[in-house]
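The following exercises are to be worked with the sequence and the model in view. Each task is followed by a stepwise solution.

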Amino acid sequence: MAYRLPPLPYAYDALEPYIDAQTMHLHHDKHHQAYIDNLNAALKDYPQFDNLTIEELLRHIDDVPERIRTVVRNQGGGHANHQLFWKILRRNDGARPTGDLAAAIEDNFGSFEQFQATFEETGLKHFGSGWVFLVVDPASGKLQVFSRPNQDSVLLEHKAALLANDIWEHAYYLKYQNRRADYLRAWWNIVDWDVVARRLEGIRAGKSQL
Ligand SMILES: [Fe+2]
């Protein structure tokens, strides 16, 4: 069964003024769709992967034939990363993490502000296209911030993402042009901390997350 583009879970202008509606149209309808189309095309002659979720496919990337492995890693990663990205966004009116999520952030980074600074700096220093992630390390249970290039998913390294910010220029260039730092700062206004908190809860309960 071919992968399909999930509809955006809110209106295209729901993240204004932080992300503009035109960017959302292009980003969701064109860019995300293209990753899915390219992934489906690559898998067309490999029905053995038909019933895998994108998460399962990326976690088992070593089982994908070498001939299509790089395409699956890039296009499948593009699908997984964007699917996650839409889910964790919502205008938050200045809300901050609460409860266990707030405690985990403070334990791992000292304070919410220090976590934000680390996340922004990681995004700013990343050269070229890629993503910034907040993940739970499966071995230690600790939270980690790092960037990965291109469309590499943290599923490839068997980690579970709480947050992911797209730092490809297609995510911000129409509105922010070369000002990636402004985009990274503004992005805090559209993180849905309730969703992130539920993701942490699910990961700690041993449930699979995408
Ligand atoms: Fe993107």
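**Exercise 1.** Leaving aside neighbours within four places in sequence, determine which residues Arg-180 is in contact with.

*Solution.* Contact means heavy atoms within 4.5 Å. With its neighbours within four places in sequence left aside, Arg-180 is in contact with Gly-123, Leu-124, His-126, Gly-128, Ile-167 and Tyr-172. This is a predicted model, in which local features need pLDDT of at least 70 and side-chain atom pairs pLDDT 80 or more, whereas totals for chains, interfaces and linings use all residues. Residues are numbered from 1 along each chain as its sequence is written, and side-chain values use heavy atoms, without hydrogens and water.

**Exercise 2.** Describe how helix α4 and helix α5 cross, and which residues make the contact.

*Solution.* Step 1: the helices are DSSP runs (H or I, at least four residues), numbered from the N terminus. The axes of α4 (residues 99–109) and α5 (residues 112–125) come within 8 Å and cross at roughly 70°. Therefore α4 is roughly perpendicular to α5 (65 to 115 degrees). Step 2: Ile-105, Glu-106 and Phe-109 of α4 and Phe-112, Gln-114 and Phe-115 of α5 make the contact.

Technical notes
Axes fitted to C-alpha atoms, helices over the stretch in contact; angles between N-to-C directions. Helix = DSSP H or I, 4+ residues; strand = E, 2+ residues; numbered from the N terminus. Parallel < 35°, antiparallel > 145°, perpendicular 65-115°, else oblique.
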